[in-house]
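Student: Please take a close look at the side-chain pairings in this model. Give the cut-offs behind each term as you go.

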Amino acid sequence: MEKIIIIIGASSDHFGAYAENCDGIFGGGNTVAEAKENALEGLRLFVESRDKKDLPAILQGEYEIEYKYDVQSFLNYYNRIFTNVALERITGVNQKLLHHYATGLKKPRERQRKRIETALHSFGKELLTVNL
């Protein structure tokens, strides 16, 4: 199964989304949710408006969507689920710095970005072992 990778990024006044590995798929909105929804609608329209033989190879069969976020977009999108207190506990990054990342005042260096990503993946793996 193919994987369409949609990049979600923040600008100074909105969020944008585009397919990293399939030209012609774009979206935008005032929130991450709107940008994602708009990109998926763009993908739907892109596929419906072309003959199957004219579609890029990645869209001719089954595919799934994967989202890649910049840190600011991730923190904004998941702020209803993860408070800065919770993220500090999970990642070890202090709340003030997380707030700066979420507002765009600061951008994390690659090492810090990887630290946050690794901690979130570890947390996700831990959750997958929970049974209720």
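Tutor: Start with Arg44 and Glu41, whose side chains meet in a salt bridge at 2.4 Å, N to O. The term salt bridge stands for a side-chain nitrogen of Lys or Arg within 4 Å of a carboxyl oxygen of Asp or Glu. The model is predicted, and local features need pLDDT of at least 70, side-chain atom pairs count only at pLDDT 80 or more, while totals for chains, interfaces and linings use all residues. Residues are numbered from 1 along each chain as its sequence is written, and side-chain values use heavy atoms, with hydrogens and water left out.

Both Arg44 and Glu41 belong to helix H1 (residues 32–48), where they are three residues apart, about one turn of the helix. Helices (H or I, at least four residues) and strands (E, at least two) are DSSP runs, numbered from the N terminus. Arg44 is partly exposed, because its relative accessibility is 36%; Glu41, at 34%, is also partly exposed. Here buried means under 20% relative accessible area, exposed over 50%, and partly exposed in between, with a 1.4 Å probe and protein chains only.

The salt-bridge count comes to nine. Another of these bridges joins Arg113 to Glu110, with the closest N and O atoms 2.5 Å apart. Arg113 and Glu110 are about one helical turn apart because they are three residues apart in helix H5. Arg113 counts as partly exposed at 25% relative accessibility. Glu117 also bridges to Arg113, at 3.3 Å between the closest N and O atoms. Four residues separate Glu117 from Arg113 in helix H5, so this pair too is about one helical turn apart. Glu117 is partly exposed at 27%. Through shared partners, salt bridges join Glu110, Arg113, Lys114 and Glu117 into one network.

Helix H5 spans 110–128, and Leu132 is found in the segment after it.

The aromatic rings come next. The structure holds seven aromatic pairs. Tyr69 and Tyr77 form a stacked pair, 6.0 Å centre to centre with 20° between the planes. Tyr77 and Tyr78 are edge-to-face, at 4.9 Å and 85°. Rings of Phe, Tyr and Trp (its six-membered ring) pair if their centres lie within 6.5 Å; planes under 30 degrees apart count as stacked, over 60 as edge-to-face and the rest as tilted. Tyr77 counts as buried because its relative accessibility is 19%, whereas Tyr69 is partly exposed at 23% and Tyr78 is partly exposed at 25%. Ring pairs link Tyr69, Phe74, Tyr77, Tyr78, Phe82 and Phe123 into a cluster.

Charges also sit over rings, which requires NZ of Lys or CZ of Arg within 6 Å of the ring centre and within 35 degrees of the ring normal. Arg80 lies over the face of Tyr77 at 5.6 Å from the ring centre, and Lys36 lies over the face of Tyr67 at 4.2 Å.
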